[in-house]
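Dear colleague,

Please find below the structure that I am handing over to you, followed by an account of what was found in it.

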Amino acid sequence: MIELKGIYKWVNTGNNRTFLLKDIHLSVKEGEFISIMGPSGSGKSTLLNVIGMLDEFNEGEYNFLHESVHKLKEKQRSGLYKQYIGFVFQAYHLIDELTVYENIETPLLYQNIKSSERQAMVADMLDRFNIVGKKNLFPAQLSGGQQQLVGVARALIAKPKLLLADEPTGNLNSKQGEEIMNLFKELNNEGVTIIQVTHSDKNASYGSRIINLLDGMIQK
Amino acid sequence: MLKSIFLTSIRNMLRNPLFSFINMFGLAVSMSLGLLIILIIKDQYTFDNFHKDAERIFRVNTKAIRTEGGSENYASSPFVMGTTLKEGYSFAENVVRIYSQLNGDAEYNKVTVPVHGYFADPSFLEVFNFKLEKGNPSTALNDPDGVVLTTDAAKKIFGNADPMGKAINFKGFGNFIVRGVFENFPGKTHFNFEVIASSNALPLLEKQKAISETLQNWNNYYTGYVYVKLRKDVNLREVKSALAEISRKNYAGRKLETRDKAYEFFLQPLNKISPGPLLSNDNSRALPEIVLLFLSVLAFVILLMAGLNFTNLMIAKSLKRVREIGVRKVMGANRWQVFKQFIGESIMFALFSLFVSYLFLQFLKSAFLKLQFTQEFSIDLREDSWLYVYFILFALVIGFFAGLLPAGYLSGFKPVLVLKDTLGKKTSSRQLLRKSLMVVQFTLSMVFIAVVLIIFSQLKYLTKADYGINDKNILNVRLQGNDYNKLALEFQSIAGVKQIGFASHSLGTSHDYSDDYKRKATDASFVMRDFRADANFISNLNIQFVAGKNFTPGLSKEHESEVIINEKALTLFGFKSPGEAIGQQLYAQDSLTLSVVGVVKDFHFRPMTYEIGPLAFRYRPTDFQLMSIAFQPGSKDKLLAALSLIWKKTDPVHPLQSNLMREEINDAYIGFTDVLNIIGYISFLSIIIACLGMLGMVMYNTQLRTKEVSVRKVLGASVKDVTVLLSRSFMWLIAFGVLVGMPISYLLGNLFLQNFAYKISYEPLLIVAGVIITGMLGLITVCSQTIRAALLNPSKSLRTE
């Protein structure tokens, strides 16, 4: 599903070139559940953003479902991730002005899906996550765990093949965190490919494979 | 998508109620001005839109070229021009000649009412689409004694009786038979008449000298209007050359008026008459185009300010929403979709503001109609469904343009940058644009305020100025054709009346006579202004004599013999001292000899826009049009009551027209009062907009810096230190804006003061006052926010961070 070959990403500060990612080779098959680990500043989030096509890289090849991402234009790239990738953030990043229902619905709006169809899809999702009773609440009225639940629901609404999660439990207490991780496990069993960034060994243990990063390089 | 935009915009508004209020108020107030202009313009473009083949109907206008250079355009043209076009040129399908002087009293059944109207060709009813309710349009004006009335005039003269076939006596013009009554006009028209009499009456009237020489007189281009309906497919160039030919043929070798060198004629399309360019003798009651332009420019400036403000505040507010944009983009929104969302919100906001501004408009409408100059024109600010369409379009346009910049800017964010919170650096670059917007707004506000102060002070100065005469406790009464001796006798006995004098015109207004004067019969004569007055008038006003005395009592009413001049006139006549002039002979009107009996001290006999010039008083009772009553202080109300009672008995036709003399003097400046009112309102708007804009910007910036403030306070900064820190950059903006405004307001102030020969000398002081007012308002705005931020308990904001 994902092929990264010799990915480099750097920033120039004065005469120095600081590498954020260095010679990354990584291949991910469909159905895998991968955890990226490493100390702060090791490039975990950058790697995740590159995979999610939010960030660009300076050198190397990236193939996603047999498409050469590095050759695509911005528009095609965003079309690609719109269709196949869902994101979950540490800080949930729900839209404050929208209700739970509307937050989950938003990605569908941008894919021009018909209203009736949208309703059905959002209702399914609410049902599945047991948050039907909260659909008219605003994010500020929910606990952190519930907000993240909505965040995950929103990421899944467009039926992505790949779920990218940047420390999804970072802002949650251990019980809430466990719930989210169990959910991820369940999703993975249903066939969703998941890549998560995490600090915790416990969370990493839910995954099928762990990638350790240090100073932008994968540690063998 | 639309629903989502709608919901988010409402929720966003409610989330920042104060911010939204500021934004909406500023936009709505200035939008209301735009709405008013739309309303006025729409109304003013409804004149004469009901005539058939209007595109083929033209008015022939006259361009008089002056001997001393320059020229003046007249809406009128020689009556004979119409005759010539009709008889000699085939391109004219029809011609309408109008003689506009059918003004005066109409009598029927011993009841007299004043009316105004035209003598017009029978073709008037054919060319223009005025339908008749009664009578036959193809014959009504054929007979020389035919007349057609508007329904209002018919009601006025005949009450509910049927006017058809009845005879009306027009004073000075004889009897006319009513041959028709107009339907109510289908719309507004530039024509201004109550009655139309047949032009076939004119030849006889001219012969009887009831009207001045008109029918074949190429030099009278004042009293006639000529309309021509062209045949289809006539080339306008053909008409143009025909007009030039007519001018050439008929004026060659003719003795013209002394001030004119030549005349040219040009066509004005019927639908470009109202509103149209300023023309002399125009009988149109539409606002001139130039006034519409002036109002539009003012509205545009204010809208621009408000729009910029809106944009500015939108950017400020939206920066808080960059995270949302990032999220939306990660969720799959493309740039266009985000752009649509923000533009949508902006338009939505403008629509809400439209609603509020509509409320303001109701107030503004009545204020506008109260302005003096609007009384002269036909303005109906009626609302219809099309108007609402224009209003909504207007709001859409405003919303779109105001939202363009923020939407374009915000939709361009890369999501990864937003989510990584590295936005701080990028946003600050936009500050420069926003800061310059602030500076411009404060410059404009300062200029407006200073100009208002200047106009206000000058008007105050004018209305309080000493004209060098006694203008208090004097009542001016128009004679309106009544016998002055009879009136004087009646009024003399009213309690409170001290003395009654008579004159041709009231002093201090722009109205007066002028005549040719010279010292010796062989001298070249010069033109000098004069008033025809009696001794009482002069002594009522307490005009000071430097030599000689007032008119001798018992002067002949038929043969003039005495004249009184002012000091300025002395040098013109070549007198070296006032005493020398007394008893000397002067010539007026070439042959009339008058002896100087008095020389008066110079005083202002015209509005202060003019320098004091030479002046003469002459005793000519035939020219008296005005009664000047000096009364006991405090007896004005009783006097007026008694006066109107007696007036009604002596003259039941015309209502009493009386004014205090000083009020009439001050009325000369009424046009400037309008300017003051309009600019005053604009400056009020502009300072509000500027302050609201500033408020929004300060609020936003202090919110961004709460954490910094808290840290500084923890480190030991005092409230004052923090306030200064937060306010400093804004104070610079205000100071800069205000300073830029100083020279501009000086220029504009001078431009205004140029109109006056006598004016205030402390203009720079007023500009400084404008600076202080604007600066203080800005300062208060800024400090209201920064002090509050500085007073915040640091532990609170640090905790919630």
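A salt bridge is a side-chain nitrogen of Lys or Arg within 4 Å of a carboxyl oxygen of Asp or Glu. Between chain A and chain B the count is one salt bridge. In a salt bridge, the side chain of R11(B) meets that of E102(A), at 2.4 Å from N to O.

This is a predicted model, in which local features need pLDDT of at least 70 and side-chain atom pairs count only at pLDDT 80 or more, while totals for chains, interfaces and linings use all residues. Residues are numbered from 1 along each chain as its sequence is written, chains are lettered from A and ligands numbered from 1 in the order in which they are written, and side-chain values use heavy atoms, with hydrogens and water left out.

As to the interface, 23 residues of chain A are in contact (heavy atoms within 4.5 Å) with 24 residues of chain B. About 2,200 Å² is buried between chain A and chain B, and carbon and sulfur atoms give 58% of that area. Buried area is the accessible area (1.4 Å probe) that two parts lose on being put together, summed over both. Of the area that chain A buries against chain B, 32% is supplied by H93(A), E97(A) and Y110(A), more than by any other three residues.

Yours sincerely,
A colleague
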